[in-house]
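Please take a brisk walk through this model. Start with the sequence and structure shown here.

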Amino acid sequence: MMTRMVAFVLGAVLVLALAIRCLQTVPAGHVGLVDLFGHVQEETLAPGLHIVNPFAQVRRMSIQTREIKEVMDTPSSEGLIVHLEVSVIFHLDPAKAVEIYKTVGLGYDGVLVEPNVRSAVREITSAHEAKALYSPERDQMGIAINQHVVNAIQPRGILVERVLLRDVQLPAKLQAAIQEKLSAEQEAARMQFVLQKEKLEADRKRIEGEGISTFQKIVSEGISENLLRWKGIEATKELAASTNAKVVIIGAGPGGLPVILGNEAFSTSTPKH
């Protein structure tokens with residue numbers, strides 16, 4: 001009787017253990033892979049509670065966005081060593097999770113992502129001078145590194161969102177030389193602006209002077225002796241028609257113009273006795 005009781009209890013415990021193993025949970029942001037003695041089910045398990053073969057193992061792989069930082073010293077085209085910190089933002093393609101698990105394994109980030117990032121950074125930086133990392137070329141280098149990484153690992157099922165050049169440190173002497181050169185270039189640009197401004201001002205004054213000279217020439221050529229004589233005759237007529245007392249002597253002025261004398265020219269004073 002005791003033996004039957006023990007067997008019953010052991011059987012109940014075994015059934016309960018198998019039932020528990022049949023229930024598997026996949027967390028949010030993950031997919032589950034059912035691995036039964038080396039045979040991996042092609043369909044993945046979505047997040048949630050699932051009933052699976054109690055003898056199978058459920059491998060959980062994150063499909064959330066992740067970041068890997070790489071810190072490295074890499075040479076430039078002139079042989080200088082540049083210290084870089086690079087971040088790769090990526091996530092696993094759920095549709096290729098089974099393939100990656102079969103061909104690479106759970107540690108795919110250390111097998112595919114990190115080596116390809118280091119390779120891309122070295123390839124791109126070695127094709128540029130160190131000073132490019134302190135110029136607008138830096139953005140172009142980041143784009144090239146990103147494209148290199150995408151081409152290398154995206155076909156395998158790892159979707160690259162972005163590659164960032166987070167930190168750049170150059171040798172102290174080179175950094176000082178670059179800063180000095182940039183300052184000199186800025187000063188040269190400022191002087192160029194000043195010279196251009198002065199040239200424009202000189203051109204303005206030259207054009208203004210030419211305009212004044214042209215105007216004076218036109219005016220001087222348009223005023224003739226006959227015009228002046230005619231204007232004088234018109235003025236004489238207007239004065240002669242006025243009510244003021246005057247004496248007009250015809251032909252007595254320069255060039256034959258009339259001479260107009262006011263009445264004070266003929267006034268006499270009474271002699272004193």
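In what order do the three strands of the open sheet lie? The order is 3-2-5, and the pairing is antiparallel. This is a predicted model: local features need pLDDT of at least 70, side-chain atom pairs count only at pLDDT 80 or more, and totals for chains, interfaces and linings use all residues. Residues are numbered from 1 along each chain as its sequence is written, and side-chain values use heavy atoms, with hydrogens and water left out.

Strands are DSSP runs of E, at least two residues, numbered from the N terminus. Two of them pair if DSSP finds at least two bridges between them. Strand 3 (39-40) and strand 5 (57-62) are the edge strands, and each pairs on one side only. Strand 2 (residues 30-36) pairs with strand 3 in the antiparallel sense, over two bridges. Leu36 stands opposite His39 in strand 3.

Now turn to the surface. Leu23, Leu49 and Ile51 form a nonpolar patch there. Such a patch joins nonpolar side chains (Val, Leu, Ile, Met, Phe, Trp, Tyr) within 5 Å, from residues with over 30% relative accessible area and no salt bridge (a side-chain nitrogen of Lys or Arg within 4 Å of a carboxyl oxygen of Asp or Glu). Together the three have about 350 Å² of accessible area, by the Shrake-Rupley method with a 1.4 Å probe. Leu23 is found in strand 1 (residues 23-26). Its relative accessible area is 43%, so Leu23 is partly exposed (between 20% and 50%).

Gly79 lies between strand 6 (66-75) and strand 7 (81-92). Gly79 counts as exposed because its relative accessibility is 52% (exposed means over 50%). Glu129 is 50 residues away along the chain, yet the C-alpha atoms of Gly79 and Glu129 are separated by 8.7 Å.

Terms used:
Helix = DSSP H or I, 4+ residues; strand = E, 2+ residues; numbered from the N terminus. Buried < 20%, exposed > 50% of the residue type's maximum accessible area, 1.4 Å probe, protein only. Patch = residues over 30% accessible without salt bridge, like charges linked within 9 Å, V, L, I, M, F, W, Y side chains within 5 Å.
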